[in-house]
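I opened this notebook page to record what I looked up, one topic at a time.

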Amino acid sequence: MRVYLDNNSTTMVDPHVYEAMEPYFVQRYGNPNSLHCFASETHQALKAAMQKIYAGIGANNEDSVVITSCATESNNWALKSIYFQYILTGQKNHIIISEVEHPSIIATARFLESLGCKVTYLPVNNEGIVEAHTLKDFLTDKTALVSMMWVNNETGAIFPVEEMAQMCNERGILFHTDATQAIGKLPVNVKETKIDYLTLSAHKFHGPKGVGALYMKKGKELMPLLHGGDHMGGLRSGTLNVAGIVGMGKAIEQAVDALDFELHEVKALRDRFEDALLEIPDTFVVTPRERRSPNTILISFRGIEGESMLWDLNKDGIAASTGSACASEDLESNPVMEAIGAEADLAHTAIRFSLSRFTTNEEIDFVIERVKEAVKRLRAISSSYAYAPKNHKDELH
Amino acid sequence: MGIDSLIGGTIWDEYSQKVTELMNNPQNMGEITEEQAEAMGAKLIVADFGAESCGDAVRLYWAVDPKSDIILESKFKSFGCGTAIASSDTMADLCKGKTVDEAVKITNIDVEKAMRDTPDVPAVPPQKMHCSVMAYDVIKKAAAQYKGVEMESFEHDIIVCECARISLSTLKEVIRLNDLTTIEQITDYTKAGAFCKSCIRPGGHEKKDIYLVDLLAEYEKEKVLASSQTAEDVDFAQMTVVQKLKAVERIIDDNIRQMLVMDGGNVEILDIKENGSNFDIYIKYLGACSGCASSNTGTLFAIENILREKLDQNIRVIPL
């Protein structure tokens with residue numbers, strides 16, 4: 001049995017999505033912007049897909065949903081565009097992000113910092129959330145942009161982005177949200193919010209890899225990212241990824257249709273899984289359930305280093321993830337664990353399980369058993385669960 | 001850059017089969033209790049290295065025969081990833097049947113080589129090398145404990161990387177043993193510089209006395225000096241004072257210092273003065289060495305002899 005519980009990393013393409021994309025490789029391959037019948041058949045599909053994407057996030061016709069290649073591109077673009085429009089020109093000098101944003105926001109912010117932009121990295125509370133009132137104190141007249149993720153990729157923590165967007169709007173500050181982990185897990189409707197820019201990525205909601213988007217509210221601006229042709233209104237030139245866009249359109253339609261299932265069935269399965277994991281002694285989950293997306297659990301197993309846990313799970317065909325230590329090349333501990341002020345001993349013990357609407361009851365039963373076995377084996381090896389002679393601990397420090 | 005750099009690695013695929021097997025079934029995992037050690041007529045040693053907060057920790061248990069100093073039984077426990085567990089297991093295995101002094105000579109390279117499937121292919125990818133360094137450090141800690149030296153005195157060494165608790169002597173040794181030339185290699189081998197990065201070069205958010213770039217530069221200079229010496233065979237008498245000091249430091253580092261440190265002591269080179277046809281080298285004993293009976297006899301003669309042999313017959317060593 002193989003069980004995939006790493007859906008915050010990427011997802012299986014929904015078979016219906018795959019089916020929708022399939023004709024756009026061999027049968028219908030025309031460049032949608034050319035002048036012939038090969039083009040018009042792909043152009044129609046493109047338009048229908050774009051309408052689905054607009055509907056999926058509640059965008060108005062006058063808004064722009066610019067297709068990109070991934071969330072990283074959208075996030076980079078949003079921040080760099082603000083830099084070129086407002087910071088470089090000297091109108092503003094400041095942007096605000098959270099300290100637990102995706103690396104594509106944090107690394108871009110650091111880069112802009114090196115170019116002279118002031119950046120504030122807002123802290124999270126012990127639930128892993130940036131509260132709206134925390135943001136309020138840092139807004140200045142020179143703040144050009146606030147970028148806050150809607151849902152954190154590690155913990156699933158939901159940030160109050162609608163309230164923050166409102167707050168920024170009142171001060172004339174632009175607001176961007178990285179909604180990569182929110183689409184298909186929460187209702188996302190930009191029409192009812194003051195969100196100016198929003199990032200999404202198809203492969204996080206059972207669409208294909210290599211296609212994402214950057215939403216921009218009517219009247220806002222973006223510096224063109226790729227100069228060349230007239231594609232995407234001249235904002236991002238390059239022949240359109242028709243099959244990818246068709247896939248994203250179908251995927252977001254499916255995801256929105258399945259939202260109710262996600263919020264109830266997937267959540268119930270996640271909660272049952274979490275209850276079972278918490279029966280294991282010395283386990284800790286970050287962020288209370290009611291403030292978390294319905295599919296995610298970030299859990300620490302005291303005394304077990306994250307990568308060794310992944311190793312044992314993988315032996316049983318179970319895919320999970322850890323942002324910590326040995327798994328990544330720079331050996332940092334899980335940044336979110338650090339940010340929430342978790343005990344230092346737990347910084348390398350966090351494991352993320354992320355479910356999807358395709359996860360089954362049987363799979364979860366299997367995983368619960370295997371996790372228990374892995375915990376037993378690895379705690380037997382662990383030096384923090386080991387016997388030590390009397391007074392030994394005192395000698396250590 | 002090449003394909004591998006462009007698409008990134010999958011670390012686990014670079015583990016040797018042995019590493020995989022040891023991770024799945026460690027052979028020397030477990031504890032030795034005081035009762036078990038007593039039954040063997042052995043002294044129980046329990047040593048820790050690393051910390052959970054850094055992502056790796058290992059505890060080594062030894063049952064040592066007090067008469068022969070032979071390690072009768074050796075076991076480990078580990079908080080760490082697969083390679084940390086496999087390295088600790090291999091390290092524990094290599095200790096068995098050796099005397100404590102022999103065990104101290106086991107290096108991280110020995111541990112890593114013992115886990116290779118084929119002699120030329122590394123057992124773990126570079127960013128996992130620090131796991132075997134840790135296995136090597138815990139042996140030194142156990143040995144210090146067995147010899148009745150205070151752990152603090154053993155670790156009184158300057159800590160260069162506070163986050164990973166990596167000492168100056170460990171860094172110097174690892175750099176030399178493995179011929180490291182870049183910061184990235186140091187980080188891969190020791191974890192130093194992997195966290196807050198303040199110890200890499202000046203300008204980080206913490207000010208340091210010693211930076212990793214300094215250590216690399218120092219090693220680079222030494223290599224140049226060493227090669228120029230072998231090539232031109234520079235006479236000790238012709239060296240500048242700085243070169244003389246460096247040459248003396250190197251001989252002491254290579255031949256003497258480790259023994260002194262093992263016994264909880266150390267030696268500092270204070271000055272070199274020409275005195276007629278003699279070169280008087282003033283030294284100061286530190287830690288357990290100061291006041292030790294042998295410091296003015298055996299140890300002193302050993303230092304003097306090695307310096308005379310390697311550098312100049314007219315060297316005299318004067319302890320202050």
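The entries below follow the order in which I looked things up.

**Confidence.** I began by noting that this is a predicted model, and that its scores are ipTM 0.84 and pTM 0.78. For chain B I found a mean pLDDT of 85, with 93% of its residues at 70 or more.

**Domains of chain B.** I looked up the division of chain B and found domain 1 (2-146), domain 2 (157-233) and domain 3 (241-319). Taking the centres over C-alpha atoms, I recorded that domain 1 of chain B and domain 3 of chain B are separated by 34 Å.

**A sheet in chain B.** I then turned to an open sheet of three strands in chain B, whose order is β1-β2-β3 and whose pairing is antiparallel. Its edge strands are β1 (43-51) and β3 (71-79) of chain B, each of which pairs on one side only. Neighbouring strands of this sheet are turned against each other by 15 degrees on average, direction ignored. Helix α4 (residues 82-95) of chain B packs on the sheet, where it touches β2 and β3 of chain B, and its direction makes about 170 degrees with that of β3(B). Looking at one pair of strands, I found that β1(B) and strand β2 (residues 56-64) of chain B run antiparallel and are joined by nine bridges. As one example of a residue pair to look at, B:I45 has B:W62 in β2(B) as its bridge partner.

**A sheet in chain A.** In chain A I looked up an open sheet of three strands, with the order β9-β10-β12 and antiparallel pairing. The edge strands here are β9 (283-285) and β12 (350-354) of chain A, and each pairs on one side only. From one strand to the next, the twist averages 30 degrees. Strand β10 (residues 296-301) of chain A pairs with β12(A) over five bridges in the antiparallel sense, and the bridge partner of A:L298 in β12(A) is A:R352.

Methods
Residues numbered from 1 in each chain as written. Chains lettered and ligands numbered in written order. Predicted model: local features only at pLDDT ≥ 70, side-chain atom pairs only at ≥ 80, totals over all residues. Pairing = 2+ DSSP bridges. Helix = DSSP H or I, 4+ residues; strand = E, 2+ residues; numbered from the N terminus. Axes fitted to C-alpha atoms, helices over the stretch in contact; angles between N-to-C directions. Contact = placed C-beta atoms within 7 Å. pLDDT = per-residue confidence, 0-100. Domains from an automatic or database assignment.
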